[in-house]
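Q: Could you show me how to read the features of a fold, one at a time? Please put the sequence and structure up.

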Amino acid sequence: MSITSLEKDGKFIIKLGETFVFSDQAEFRAIYEKSLGQKKLSVEIDFSIVNYIDSSALGMLLLINDYVAANH
């Protein structure tokens, strides 16, 4: 899966591919930890083309929420 990200208008946008599953965990985490760092940006996750999410992906969303809350 390919996860992409960009900064636009004070937002950090993570665009997900067609699936969001356990095997995406390392890539997803690396993207937001590397790109956000200590930047004070709001985070938007783009699910526009996602057609499948497994239960571990829901956990990844909780982890990014915790990361942003702790670091921003």
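Q: Which residues do ring pairs link into a cluster?
A: This is a predicted model. Ring pairs link F20, F28, Y32, F47 and Y67 into a cluster.

Q: How many aromatic pairs does a search of the whole structure find?
A: The search finds four. Take F28 and Y32 as one of them. Planes over 60 degrees apart count as edge-to-face. The planes of F28 and Y32 make 75°, so this pair is edge-to-face. Centre to centre, the F28 and Y32 rings are 5.4 Å apart.

Q: Where do F28 and Y32 lie?
A: Both are in helix α1. Four residues separate F28 from Y32, about one turn of the helix.

Q: Are F28 and Y32 buried or exposed?
A: F28 and Y32 are both buried.

Q: Now the sheet. How do strands of a sheet pair?
A: They pair through backbone hydrogen bonds, either parallel or antiparallel. In this model, three strands form an open sheet in the order β1-β2-β4, and the pairing is mixed. The edges are β1 (4-8) and β4 (42-46). Each has a single partner strand, so one side of each is left without a neighbour in the sheet. Ignoring direction, neighbouring strands of this sheet are turned by 20° against each other on average.

Q: What packs on the sheet?
A: Helix α1 (residues 25-36) does, touching β1, β2 and β4. The direction of α1 makes about 165° with that of β2.

Q: How many bridges join β1 to β2?
A: Five bridges join β1 to β2 (residues 11-15), and the two strands run antiparallel. Read the partners residue by residue. T4 has K15 in β2 as its bridge partner. For S5, the bridge partner in β2 is I14.

Q: What do β1 and β2 form, and which residue in the turn has a positive phi?
A: They form a hairpin, with two residues between the strands. D9 in the turn has a positive phi of about 50°.

Q: In which sense do β2 and β4 pair?
A: Parallel, over five bridges. I14 stands opposite I45 in β4. I14 is also the bridge partner of S5.

Q: What separation do the C-alpha atoms of L63 and R29 have?
A: Their C-alpha atoms are separated by 8.7 Å. Along the chain, L63 and R29 are 34 residues apart.

Definitions and conventions
Residues are numbered from 1 along each chain as its sequence is written. This is a predicted model: local features need pLDDT of at least 70, side-chain atom pairs count only at pLDDT 80 or more; totals for chains, interfaces and linings use all residues. Side-chain values use heavy atoms; hydrogens and water are left out. Two strands pair if DSSP finds at least two bridges between them. Axes are lines fitted to C-alpha atoms, for helices over the stretch in contact, and angles run from 0 to 180 degrees between N-to-C directions. Contact means heavy atoms within 4.5 Å. Rings of Phe, Tyr and Trp (its six-membered ring) pair if their centres lie within 6.5 Å; planes under 30 degrees apart count as stacked, over 60 as edge-to-face and the rest as tilted. Buried means under 20% relative accessible area, exposed over 50%, partly exposed in between (1.4 Å probe, protein chains only).
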